[in-house]
Amino acid sequence: LCDEPTYAQDYNNTLAIMDLLVAAARDRKATIVFTTHDKNLAKHYADHILFLGESLDDKTKGSRALCII
C-alpha cells in the first residue's frame, strides 16, 4: 500500500520509483495499491483505477485516484 509514492518527485524519479514498484510486484506476483493525483501516471501504470472525488473529465483538476497494479 503506497500513499502517493511519487509525491514531490521530478519526472525521472517518478518513473524510476514506479518502474521499481511494478518490477517488484511482478517478480513477487503481488498487488500494489497506490494513490496519486496524477491521472496520466495512473493510466500508464495501473491495471485498475478507481477515481475518487471528482469526475473523469480531463478538465477536472485535483481528483485523486486509487490504483491497483
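Tutor: Helices (H or I, at least four residues) and strands (E, at least two) are DSSP runs, numbered from the N terminus. This is a predicted model, in which local features need pLDDT of at least 70 and side-chain atom pairs count only at pLDDT 80 or more, while totals for chains, interfaces and linings use all residues. Residues are numbered from 1 along each chain as its sequence is written, and side-chain values use heavy atoms, with hydrogens and water left out.

Student: What pattern does the chain follow, read along the sequence?

Tutor: The chain contains two helices and four strands. Taken in sequence order, these elements give the pattern β-α-β-α-β-β.

Student: In which element is confidence lowest?

Tutor: Confidence is expressed as pLDDT, the predictor's value for each residue, from 0 to 100. The chain averages 84, and 78% of the residues score at least 70. Where pLDDT is low, the predicted coordinates should not be read in detail. Helix α1 (residues 11-28) has the highest mean, at 95, whereas the lowest, at 68, belongs to strand β4 (residues 64-68).

Student: In which sense do β1 and β2 pair, and what is the handedness of the β-α-β crossover?

Tutor: Two strands count as paired if DSSP finds at least two bridges between them; strand β1 (residues 2-3) and strand β2 (residues 33-36) are joined by two bridges in the parallel sense, and D3 has T35 in β2 as its bridge partner. The chain passes from β1 through α1 to β2. A crossover is called right-handed if, with the strands pointing away from the viewer, the path from the first strand over the helix to the second runs clockwise. By that criterion, this β-α-β crossover is right-handed.

Student: Which residues does L21 touch, not counting residues up to four places away in sequence?

Tutor: L21 is found in helix α1 and is itself a member of the largest nonpolar core. The C-alpha atoms of L21 and P5 are separated by 9.4 Å, although the two residues are 16 residues apart along the chain. With contact meaning heavy atoms within 4.5 Å, and residues up to four places away in sequence not counted, L21 touches C2, P5 and I32.

Student: Is T14 buried or exposed?

Tutor: T14 is also found in helix α1, and beyond its neighbours within four places in sequence it is in contact with T6, Q9 and L41. Buried means under 20% relative accessible area, exposed over 50%, and partly exposed in between (1.4 Å probe, protein chains only). Because its relative accessibility is 10%, T14 counts as buried.

Student: Which side chains meet in a salt bridge?

Tutor: A salt bridge is a side-chain nitrogen of Lys or Arg within 4 Å of a carboxyl oxygen of Asp or Glu, and the structure holds one. The pair links distant parts of the chain, 21 residues apart, with one partner in helix α1 and the other in the loop between α2 and β3 (48-52). D47 is partly exposed, because its relative accessible area is 46%. The side chains that meet, at 3.5 Å from N to O, are those of R26 and D47.

Student: Where is A8 placed, and what is its phi?

Tutor: Most residues other than glycine have a negative phi. A8 is exposed, since its relative accessible area is 67%. The place of A8 is in the loop between β1 and α1, and its phi, positive although A8 is not a glycine, is about 65 degrees.

Student: What separates the C-alpha atoms of E4 and D38?

Tutor: E4 lies in the loop between β1 and α1 and has a positive phi, near 50 degrees, in a residue other than glycine. At 22% relative accessibility, E4 counts as partly exposed. E4 and D38 are 34 residues apart along the chain, and the separation of their C-alpha atoms is 9.3 Å.

Conventions:
Core = buried A, V, L, I, M, F, W, Y, C linked by side-chain atoms within 4.5 Å.
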